[in-house]
Amino acid sequence: MIKTAERLCRNLSDEDFSDHINTRIIRLGDDKITDKMVIATDPGDIMNPYAKAMEKLCGIYNGSSGKGVTCYHLCQVTATNLKQDKVASLIL
């Protein structure tokens with residue numbers, strides 16, 4: 001099982017799916033977002049203090065604790081029309 005999992009991971013990492021995934025995310029939000037909406041982006045992160053060797057981890061400085069921590073980067077995009085109380089949210 002371990003060798004099968006390693007082979008599948010290696011084969012999946014050969015191809016970059018980011019353009020395909022981004023196109024799908026944009027298509028999901030396309031009908032919900034109009035020209036009259038305000039779009040806000042919120043770059044952030046999710047801390048994972050116990051992870052040591054997980055894929056795509058990065059290090060940041062946590063200002064609250066004053067220490068370096070491991071995390072995953074996020075980017076949340078929210079569009080809203082204040083007059084109609086309509087909110088569309090996508091996490092990238």
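I looked up Leu-12 first. Leu-12 is exposed, at a relative accessible area of 53%. My cut-offs: buried is under 20% relative accessible area, exposed is over 50%, and partly exposed is in between, with a 1.4 Å probe and protein chains only. The areas come from the Shrake-Rupley method with a 1.4 Å probe, and for residues only the protein chains shown count as cover. Leu-12 sits in helix 1, residues 2-13.

I noted what I was working with. This is a predicted model, where local features need pLDDT of at least 70 and side-chain atom pairs count only at pLDDT 80 or more, while totals for chains, interfaces and linings use all residues. Residues are numbered from 1 along each chain as its sequence is written, and side-chain values use heavy atoms, without hydrogens and water.

**Nonpolar patch**

A patch takes residues with over 30% relative accessible area and no salt bridge; nonpolar side chains (Val, Leu, Ile, Met, Phe, Trp, Tyr) are joined within 5 Å, like charges within 9 Å.

**Negative patch**

I then found a surface patch of negative charge made by Asp-14, Glu-15, Asp-16 and Asp-19. Asp and Glu count as negative, Lys and Arg as positive; His and the chain ends are left out. Each charge is placed at NZ of Lys, CZ of Arg, CG of Asp or CD of Glu. Asp-19 belongs to helix 2, residues 18-30. Asp-19 is exposed, with 59% relative accessible area.

**Salt bridge**

How many salt bridges does the structure hold? I found one. The side chains of Glu-6 and Lys-3 form it, at 3.8 Å, N to O. The criterion is a side-chain nitrogen of Lys or Arg within 4 Å of a carboxyl oxygen of Asp or Glu. Both residues lie in helix 1, three residues apart, about one turn of the helix. Lys-3 is exposed at 65% relative accessibility, while Glu-6 is partly exposed at 40%.

**Whole chain**

I counted two helices and four strands. From the N terminus the order is α-α-β-β-β-β. Helices (H or I, at least four residues) and strands (E, at least two) are DSSP runs, numbered from the N terminus. Of the 92 residues, 13% count as buried.

I checked confidence last. pLDDT is the predictor's confidence in each residue, from 0 to 100. The chain averages 77, and 89% of the residues score at least 70. Confidence is highest in helix 1, at 82, and lowest in strand 4 (residues 86-91), at a mean of 67. Where pLDDT is low, the predicted coordinates should not be read in detail.
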